[in-house]
Amino acid sequence: MPIYTKKGDEGKTSLPGGKTTKSDLKVEALGNLDELNSFLGYCVALSGRKWFKDILTKIQNQIFRVLSEIALMDVKKIDHINPINEEDVLKLEKAIDKLEKHLTPLNKFILPQGARDSAALHFARTICRRAERSIVRLNEKEVLPNRTILKFINRLSDFLFVLARYSNKVNNTEDIFPDYYQQIKK
C-alpha cells in the first residue's frame, strides 16, 4: 500500500468514527499529541542516559493510549485499548515528588534552557500544554468519555518541567532566572 492515498487532498481525513475535516477539534488534539510524542522521541535520541530513555519511552506509550482513546471516542464498542486511569496520574505525581526532592524549590520563573536534554524537555512541555489546550477545547464540544485524560496531560506537563530541571541538575547546569527579576529590584 502506498504511503499517499490522496484521500486527504480536499482537507478531509478518516478516523475510526468516520470522515471529518482536518480542522476538526479531534484531529487538532490528535495532531498535537502526535507532535508531542514525536518530540519526546527526539528527546530520547538526545539522551545518553538509559533511565531517561526508559522514562520517556514509557510516557510515549501512555500518549499512544491517549491517542487511541481520543481517536476512538465516537466508536461504540472498544475492547482493545487500555484507558488512561487514576493510577497513571498518581505515578506521574509520585515521579514528580521523587525528582523534586533533589531540586531547590522555586519561587520564581526560570528560562526554559540549560543542558541539551533539559532544553528539549522544556520544548516538549510547551507542546504538551498546547495538546492540553486542544483536548480541553475538544472536551468542551464533545465530552471525553474518559476525563482522566485531562488530569493526565496536565500532570504530564508538570512532570516534563520537573524532569527538565532535574536534567539540568544531573548535567551540572543551573536554572537561569530571567533578567526581569533583577530589573524589578532596581
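Q: How many helices and strands make up the secondary structure of the protein chain?
A: The protein chain comes to 6 helices and 2 strands. Helices here are DSSP runs of H or I with at least four residues, and strands are runs of E with at least two, numbered from the N terminus. From the N terminus on, the order is β-β-α-α-α-α-α-α. Please keep in mind that this is a predicted model, where local features need pLDDT of at least 70 and side-chain atom pairs count only at pLDDT 80 or more, while totals for chains, interfaces and linings use all residues. Residues are numbered from 1 along each chain as its sequence is written, and side-chain values use heavy atoms, with hydrogens and water left out.

Q: What makes α5 mostly covered?
A: Buried means under 20% relative accessible area, exposed means over 50%, and partly exposed lies in between (1.4 Å probe, protein chains only). In α5, 17 of the 23 residues are buried. Across the 186 residues of the protein chain, 41% count as buried.

Q: Why is M73 called buried?
A: Its relative accessibility is 12%, so M73 counts as buried. M73 sits in the loop between α2 and α3. Leaving aside neighbours within four places in sequence, M73 is in contact (heavy atoms within 4.5 Å) with K26, L138, E142, V143, L144 and P145. M73 and G17 are 56 residues apart in sequence, yet 7.8 Å apart in space, C-alpha to C-alpha.

Q: What makes up the lining of the largest pocket?
A: A pocket is an open set of points on a 1 Å grid over the protein atoms alone, with protein on both sides within 12 Å along at least five of seven lines, where lining residues have an atom within 4 Å of a point. The largest pocket has a volume of about 290 Å³, meaning the space filled by probe spheres set on the points, which are joined across faces, edges and corners. Of its 14 lining residues, the closest to the centre are I55, K91, L92, A95 and F159. The largest share of the lining, 6 residues, comes from α3. The lining divides into 8 nonpolar, 2 polar and 4 charged residues. Ala, Val, Leu, Ile, Met, Phe, Trp, Tyr, Cys and Pro count as nonpolar, Asp, Glu, Lys and Arg as charged, and the others, Gly among them, as polar.

Q: How do the residues that line the second largest pocket divide?
A: They divide into 4 nonpolar, 4 polar and 4 charged.

Terms used:
On a 1 Å grid over the protein atoms alone, a cavity is a set of points where a 1.4 Å probe fits but cannot get out, and a pocket is an open set with protein on both sides within 12 Å along at least five of seven lines; lining residues have an atom within 4 Å of a point.
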